[in-house]
Amino acid sequence: MNNSEQYRTKPGEMLDSICHQYYNGRPGATEAVLSANPGLAKLGAVIPANTIITLPVLAAPIDDSQVLWD
């Protein structure tokens, strides 16, 4: 099941800013969005207004914290 969302860019928006806001700064988000949108990187740093971008659902982050004692 694909729960991705579609996002329409506004004038002057950049992909890293969109990803930072949508995914709350989660590592790997920009790369995931680029993978879900072939050709998006060719549009340049400032994405043209009204470009539709697929924002995929990211896998849950890995909890790599360690409990040393209870």
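From the N terminus on, the elements of the protein chain follow the order β-α-α-β, and in this predicted model the secondary structure comes to 2 helices and 2 strands. Of the 70 residues of the protein chain, 26% count as buried. The accessible surface of the chain comes to about 5300 Å², and 55% of this surface belongs to carbon and sulfur atoms. Among the contacts in the chain with a separation of 6 or more, 63% are accounted for by residues 24 or more positions apart.

Helix H1 covers residues 15-22, and its buried residues are Leu 15, Ile 18 and Cys 19. Seen down the axis of H1, these buried residues fall within an arc of 95 degrees, so they line one face of the helix. The face of H1 turned away from this buried side carries the exposed residues His 20 and Gln 21. On the buried side, the residues of H1 pack against strand S1 (5-8), H2 and S2, where H2 spans residues 29-36 and S2 spans residues 52-55.

Which residues make up the largest nonpolar core? This core has 12 residues, namely Tyr 7, Leu 15, Ile 18, Cys 19, Tyr 23, Ala 29, Val 33, Leu 40, Ile 47, Ile 53, Leu 55 and Leu 58. The elements that give two or more residues to this core are H1, H2 and S2, and the largest share, 3 residues, comes from H1. In soluble globular proteins, nonpolar side chains tend to be buried together.

Leaving aside its neighbours within four places in sequence, Val 33 is in contact with Leu 15, Cys 19, Tyr 23, Leu 40, Ile 53, Thr 54, Leu 55 and Pro 56.

Is Tyr 23 buried or exposed? At 9% relative accessibility, under the 20% limit, Tyr 23 counts as buried. Not counting residues up to four places away in sequence, Tyr 23 touches Ala 29, Val 33, Leu 55, Pro 56 and Leu 58. Although Tyr 23 and Leu 58 are 35 residues apart along the chain, their C-alpha atoms are separated by 8.7 Å. The side chain of Tyr 23 also reaches the backbone oxygen of Pro 56, at 2.5 Å.

The count of aromatic pairs comes to 1. In this pair, the rings of Tyr 22 and Tyr 23 have their centres 4.7 Å apart and their planes at 85 degrees, so the pair is edge-to-face. Tyr 22, at 33% relative accessibility, counts as partly exposed, whereas Tyr 23 counts as buried.

## Residues in the loops

Most residues other than glycine have a negative phi. Just after H1, Asn 24 takes a positive phi of about 55 degrees; this residue is found in the loop between H1 and H2, and at 69% relative accessibility it counts as exposed. Asn 50, whose place is in the loop between H2 and S2, likewise has a positive phi, near 70 degrees.

The loop between H2 and S2 also contains Asn 37 and Thr 51. Asn 37 is buried, with a relative accessible area of 10%, and, leaving aside its neighbours within four places in sequence, Asn 37 is in contact with Ile 52, Ile 53 and Thr 54. Thr 51 counts as buried at 17% relative accessibility. A polar atom of the side chain of Thr 51 lies 2.7 Å from the backbone oxygen of Pro 48. Not counting residues up to four places away in sequence, Thr 51 touches Tyr 7, Arg 8, Thr 9, Leu 40 and Leu 43.

The table below gathers the accessibility of residues discussed above.

| Residue | Relative accessibility | Class |
|---|---|---|
| Tyr 22 | 33% | partly exposed |
| Tyr 23 | 9% | buried |
| Asn 24 | 69% | exposed |
| Asn 37 | 10% | buried |
| Thr 51 | 17% | buried |

Technical notes. Residues numbered from 1 in each chain as written. Predicted model: local features only at pLDDT ≥ 70, side-chain atom pairs only at ≥ 80, totals over all residues. Heavy atoms only, no water. Helix = DSSP H or I, 4+ residues; strand = E, 2+ residues; numbered from the N terminus. Buried < 20%, exposed > 50% of the residue type's maximum accessible area, 1.4 Å probe, protein only. Contact = heavy atoms within 4.5 Å. Areas by Shrake-Rupley, 256 points an atom, 1.4 Å probe, with all protein chains shown as cover. Polar contact = N/O pair within 3.5 Å; in protein donor to acceptor, adjacent residues only side chain to side chain. Arc of directions from axis to C-beta. Core = buried A, V, L, I, M, F, W, Y, C linked by side-chain atoms within 4.5 Å. Phe/Tyr/Trp six-rings, centres within 6.5 Å; stacked < 30°, edge-to-face > 60°.
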